[in-house]
Amino acid sequence: MADTYDVCIIGSGAAGGVMAKELSEGGAKVMLLEAGKHVPMSGFLSHHWPYKLPYRGFRDEKQAPFRQGDVSTSIRYQDSDSIGVDRIRVLGGRTVHWNAVALRYAERDFRSAELDGIEEDWPLTYRELEPYYDRIEQMIGVCGRDDGLEILPAGKHYLPPIAWRCSEHILERATAKMRIPLISVRKAVATVAFDGRPPCHYCGHCMSGCDVGALFNSAEVMIPKAQRTGNFILRQNALAREILVDREGLARGVSFIDTETKQEEEVKAGIVVVCCATVESARLLLNSRSPRHPNGLANSNGVVGRYLHGHLTGGVDIYLEELQGIRPFNQDGATDHVYIPRYNHLFGRKDYAGGWGIQVNYSDYMFPHHAQRVGGYGAAYKARVRSMQPGFAMLGPFGKVEARPENYVTVDPHRTDAHGIPIPVVRFRFGQNDLALWRDQTQSLLEIASNVKAQVFPNFGQAPTGFASHEVGTIRMGKNPKTSVLNSFCQAREVKNLFVTDGSCFTTSSEKNPTLHIMALSLRAADYIKQQRRRGQL
Amino acid sequence: MRRRTAIKIVALGALGFSGELPLTAWSAQTYQLRFFTAEENAMLEQLMDMVIPADAHSPGARAAQVSLFADLMVATSGEDIRKRWRDGLKLMREEAARSSLVEALAKASAHEEHPTTNLEHFFAALKRMTVNGYYTSEIGIHQELEYQGNTYLLQFPGCAPPAKTAS
């Protein structure tokens, strides 16, 4: 491949998709390397009945099309608490199976050092990112409304909110008593026809792939727009091995393996944008060693891979008495219809920093989850399971986890994947702030549940779990060059033509789902790249 | 079933399959037992039908052929899990020989919340497998729970539940 591109983007998910669209529309010649391949919407197994699947779905068969090769096994956890990271390989990245909750960070979420005395502040403010939130929301289509909450800033262009289920009205009566706001969810799903996408058909299968594209999926929205420019080339099954540098230590291209031919190839580019997600992006930089960058690319301070964090979880299943014994009716919907924004700050100071938000009912309604927990067996047991099922509701909190340098992704030089690339190793332990927050979160969930007439089954044990597919932070932006890798435009300080715009660029996390924030940051970085190119700086 | 918990299971290869999955369901008519003997399967069928029996509302675990689902799951599991099932069924048979299968199952389920003996641990595995197989079968989903979803709606109706049934 002798061609030289203006930009090589690695990864086509939330960050890579918007970057590809913006830069190719801006006139740059763009090559995108995607380690997976396009799984067309007709190839999603979302609507398959369990009894049509070989293991009835218990071995995650609906996700199998997104987990090509050895992606599930080529990773090692060491010295870690009960956490998992989510790696898939498919065009569109994790936007093929996200739940699409799209939340803006609040102004305070950028300033945990100043306001809470932990971590570091982001190198940018809400006001600086706000125009990009506005633009990205209009690109992806977000339903919801402006609820006037400081903790959850709103846009001006929401699609109509989703109608609430009975259980959500019942839960709202309970939270209202506790003065906790419960609002319509903000989610990147077309509730009316939008940008060529049909409206949602309320099957509840958001996280198995939306088979009509009502849910935003980078592969079906951003990539086609990039392709229409004529400036964009997509290489699928292209697994990046190493970012190549020139004598000055600047990026000059990417070496990758074609996973079908097993051949190693090279693409030359003036700018490299890394969008492989938190674990893989850190792995790629750490595997890109050269005389100018002996510790890995842009890693002279040793920060690449560090500050790994995500969300802590642990919710409750609730079986509302008001709905039990009702003739079964279709409650599938679009998974979440409502959301409980962070509220702990409304009730006085805590002995920990941060909070949690609660996603409500992001679960399927087909399987009776309580059947494992209702005691006994036989006819009475069977009837009880049947009677309880229509009362099902679920609270799923996502709590803030502190970004700490001792939690990291590294690479194992002695163990390689199927293509000879050193695998990532994950090390993570929850910290004191995380544990204190988690204890308060679980108590609070039980208190909400105690305000409805219901049987309640906690989904947590004695310790928090994570990361709910929300891992971030391993190639962080920051104000301090000693404790960060990137500036606020996702540009590597040591390698000015290297950008990292996926979740690994996060300085810290709030309790909010990361994807909208990732896309806004990537959009801002794309604007910066276009501007710098116009000025001849890149 | 729930992706956010399922993603913790990363080592699918270790469970006995990797790479391409056949995306068609197995057919009970042509299914050949892969792990359990015919005798073990007959006993498992009986036990599972005691856990979820037929009633006036719908058929039970035997009609839903849950033991065949169990056979496939166990056959494709690790050595330790396969051994636990074989040993567990043997324990149940020995216990039943002293009294009856009905009494053996009652004894196995006696401390469901805090199982300690091997027999009690086997009950937990038996119930989990029965629940997983039955409520993902056509009978479990359509006849027993009368699940109305997995469909295409033009709009979501909001809260419009039917009245409570007389039961």
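This is a predicted model: local features need pLDDT of at least 70, side-chain atom pairs count only at pLDDT 80 or more; totals for chains, interfaces and linings use all residues.
Residues are numbered from 1 along each chain as its sequence is written, chains are lettered from A, and side-chain values use heavy atoms, without hydrogens and water. Local features need pLDDT of at least 70 and side-chain atom pairs count only at pLDDT 80 or more, whereas totals for chains, interfaces and linings use all residues.

**View 1. Overall fold of chain A.** Chain A has nine helices and 18 strands (DSSP runs, H or I of at least four residues for helices and E of at least two for strands, numbered from the N terminus). Its radius of gyration, taken over C-alpha atoms, is 23 Å, close to the 24 Å from the globule rule (2.2 Å times the number of residues to the power 0.38) for 538 residues, so chain A is as compact as a globular protein of that length. The C-alpha atoms fill a box of roughly 75 × 50 × 45 Å along the principal axes.

**View 2. Burial in chain A.** Of the 538 residues in chain A, 68% are buried (under 20% relative accessible area, 1.4 Å probe, protein chains only). Among contacts (heavy atoms within 4.5 Å) with a separation of 6 or more, 74% join residues 24 or more positions apart.

**View 3. Strand 9 and its partner in chain A.** Five of the five residues of strand 9 (residues 309-313) are buried, so this strand is largely enclosed by the rest of the structure. Strand 9 pairs with strand 17 (residues 465-472) in the antiparallel sense over four bridges; pairing requires at least two bridges found by DSSP. Thr313(A) has Thr465(A) of strand 17 as its bridge partner.

Technical notes:
Buried means under 20% relative accessible area, exposed over 50%, partly exposed in between (1.4 Å probe, protein chains only).
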